[in-house]
Protein chains: 2
Amino acid sequence: MAAVVAKLLAAFLAVLAVSGAAAWDVKLELDDGMPLIHMLRPLLSTGGHLGRKGRVPCDSWRFAVETNTLRGWKTIPARCEKYVGNYMMGGHYRSDSRAVVNEAIAYAEGLKLSGNGNEVWVFDVDETTLSNLPYYAKHGFGAEPYNWTTFGNYVQEANAPALPETMRLYKRLQALGIKPVILTGRREDKREATAKNLASEGYTGYEKLLLKPQDVKVHSVEFKSGERKKLEDAGYVIVGNIGDQWTDLLGEPEGARTFKLPDPMYYIG
Amino acid sequence: MAAVVAKLLAAFLAVLAVSGAAAWDVKLELDDGMPLIHMLRPLLSTGGHLGRKGRVPCDSWRFAVETNTLRGWKTIPARCEKYVGNYMMGGHYRSDSRAVVNEAIAYAEGLKLSGNGNEVWVFDVDETTLSNLPYYAKHGFGAEPYNWTTFGNYVQEANAPALPETMRLYKRLQALGIKPVILTGRREDKREATAKNLASEGYTGYEKLLLKPQDVKVHSVEFKSGERKKLEDAGYVIVGNIGDQWTDLLGEPEGARTFKLPDPMYYIG
């Protein structure tokens, strides 16, 4: 028992040391093996709210977000900024993404392909192929209201890193002979920057890059399911569909299987 | 800093003390204010697996389960039995359920009702109105393969407790004038036990109790969406739909809003 306590205390001290240092660094170079930060921080940042009516711990808020129960929210709860920051930066986000991609790869490897090369896999962009964590880390991890100007400028810089798990899936699918189709709610004025960013991060050889028309008012589900329908009508078979928003994954035709990546930072309706 | 460390250490010791005691007691009488057990236990039960290829922490496995990425699984991973047990018994399950029900109530309170009394809300039974945790706590929290006989016997005993959060929603909806409809994958031979159990737990005054026909082979999504269609055809408006399985919530007509309760113990396809 004493040994266990000493070990746990050492872990705690390590966390305290890390949390004061560079954990908020914007570069996405996190080691996979760091579950401690996110697991322990909630005790500091939200544990005290538990008893209050209407308030739930930030991880329960996240549960309701990720399961599409909470909809239409504009910002994360202010009290959850540290929790979400730790989730995103502390390894938990990466391991949740890994769980999803592991399953996607296992599924893809089990498919019997036609041999016609007509199988495609639909990828979303933001928080799916590319990570905007460098931007969001500077803007409260979703605690600040969405800012079209600053985020638009960030996108035009074309410097977003790949989400490593999605890259792993992308490369594996290509090796299997399944063609990636990129389908994003970004509008056409972001085409050049998006293509440049994808290419510089290693997303090459995709079948299509589909963006929202510049001036058309259309909700995400309608736009994305419409584009998937066009793919099917053109003879493609959508064997998989991966994205961080439910609006990427709902609306017929969804694709034969859908894969929900984590995103507790923002909601797209 | 020293004070913080002392406080955290005290919390740790409290957890260690609790974990050796009656945390596995089967009766569902847990205090809401106990986030410590579930948050810290993963360090003991799953932290060691993080680096291994293909393995993810149990909370990332749970993420993939709850977001409908992992499908068709028969049992929880053996290494996650303690994690799931702690999740279910340690307050986390209840606070996740609370996050969902808080949102459901806020949504319901914001509805403008027709005044015709035709609005209904669809409730699933297992792990929604009623909790089978007393059964699952004795059967590895989903680590043991599903056993038709023992679970069937448990259902016939009609002793499952209400999930308190769902009961709170149920009563609030009735006060607002929204009629509950109970829609379950349990078959007709469980009608008497189910009705008895619901009544004894306080679920009274529902509009309908719909069970699966005894000998018809039909998947959950097909059965449940078919029953919801019949409700709409009969003039009801399904303003809400709550369940623990995605098969409760997918398939048109889904209902105007869906609410996903947690369930990391089993999968129904």
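In this predicted model, A:Asp124, A:Lys224 and A:Asp248 are joined up in a network of salt bridges. One link in it runs from A:Asp124 to A:Lys224, with N and O 3.0 Å apart. A:Asp124 sits in the loop between β1 (119–123) and α6 of chain A, while A:Lys224 belongs to helix α10 (residues 220–233) of chain A, so the contact ties together parts that are 100 residues apart in sequence. Both A:Asp124 and A:Lys224 are buried.

The loop between β1 and α6 of chain A also holds A:Asp126, which is linked to A:Arg186 of strand β2 (residues 179–187) across 60 residues of sequence. Here, too, the side chains form a salt bridge, and the closest N and O atoms are 2.6 Å apart. A:Arg186 and A:Asp126 are both buried. Over all chains, the count of salt bridges comes to 24. Another of them, in chain B, brings together B:Lys190 and B:Asp189 at 3.5 Å, N to O. B:Lys190 has a relative accessible area of 17%, so it falls on the buried side of the 20% cut-off. B:Asp189, on the other hand, comes out at 40% and therefore counts as partly exposed.

Turning to the sheet of chain B, 5 strands line up in the order β3-β2-β1-β4-β5, giving an open sheet with parallel pairing. β3 (208–212) and β5 (258–260) are its edge strands, each pairing on one side only. On average, neighbouring strands are turned by 20° against each other, direction ignored. Within the sheet, β1 (residues 119–123) and β4 (residues 237–243) of chain B pair in the parallel sense over 5 bridges. B:Val122, for instance, has B:Asn241 of β4(B) as its bridge partner. Helix α10 (residues 220–233) of chain B packs on this sheet, where it touches β1, β2, β3 and β4, and its direction makes about 150° with that of β2(B). Helix α9 (residues 191–200) of chain B lies across β2 (179–187) and β3, running at about 140° to β3(B).

Strand β2 of chain B also carries B:Arg187. With a relative accessibility of 25%, B:Arg187 counts as partly exposed. Setting aside its neighbours within four places in sequence, B:Arg187 touches a run of residues that includes B:Leu211, B:Lys212 and B:Asp215. B:Trp148 is 39 residues away from B:Arg187 in sequence, and the C-alpha atoms of the two are 12 Å apart.

In the pair A:Tyr135 and A:Tyr154, the ring centres are 5.4 Å apart and the planes meet at 45°, so the arrangement is tilted. A:Tyr135 lies in helix α6 (residues 133–136) and A:Tyr154 in helix α7 (residues 148–157) of chain A, 19 residues apart. A:Tyr135 is buried at 7% relative accessibility, and A:Tyr154 is buried at 10%. Both tyrosines belong to a cluster linked by ring pairs, along with A:Tyr136, A:Tyr146, A:Trp148, A:Phe151 and A:Tyr266.

In chain B, the rings of B:Tyr107 and B:Phe259 form a tilted pair, with centres 5.8 Å apart and planes at 45°. This one spans 152 residues, from B:Tyr107 in helix α5 (residues 92–109) to B:Phe259 in strand β5 of chain B. B:Tyr107 and B:Phe259 are both buried. B:Tyr107 has a charged neighbour as well: B:Arg257 lies over the face of its ring, 5.2 Å from the ring centre. In chain A, A:Arg257 lies over the face of A:Tyr107, at 5.2 Å from the ring centre.

Technical notes: Residues are numbered from 1 along each chain as its sequence is written. Chains are lettered from A and ligands numbered from 1 in the order in which they are written. This is a predicted model: local features need pLDDT of at least 70, side-chain atom pairs count only at pLDDT 80 or more; totals for chains, interfaces and linings use all residues. Side-chain values use heavy atoms; hydrogens and water are left out. Two strands pair if DSSP finds at least two bridges between them. Helices (H or I, at least four residues) and strands (E, at least two) are DSSP runs, numbered from the N terminus. Axes are lines fitted to C-alpha atoms, for helices over the stretch in contact, and angles run from 0 to 180 degrees between N-to-C directions. Contact means heavy atoms within 4.5 Å. Buried means under 20% relative accessible area, exposed over 50%, partly exposed in between (1.4 Å probe, protein chains only). Rings of Phe, Tyr and Trp (its six-membered ring) pair if their centres lie within 6.5 Å; planes under 30 degrees apart count as stacked, over 60 as edge-to-face and the rest as tilted. A charge sits over a ring if NZ of Lys or CZ of Arg is within 6 Å of the ring centre and within 35 degrees of the ring normal. A salt bridge is a side-chain nitrogen of Lys or Arg within 4 Å of a carboxyl oxygen of Asp or Glu.
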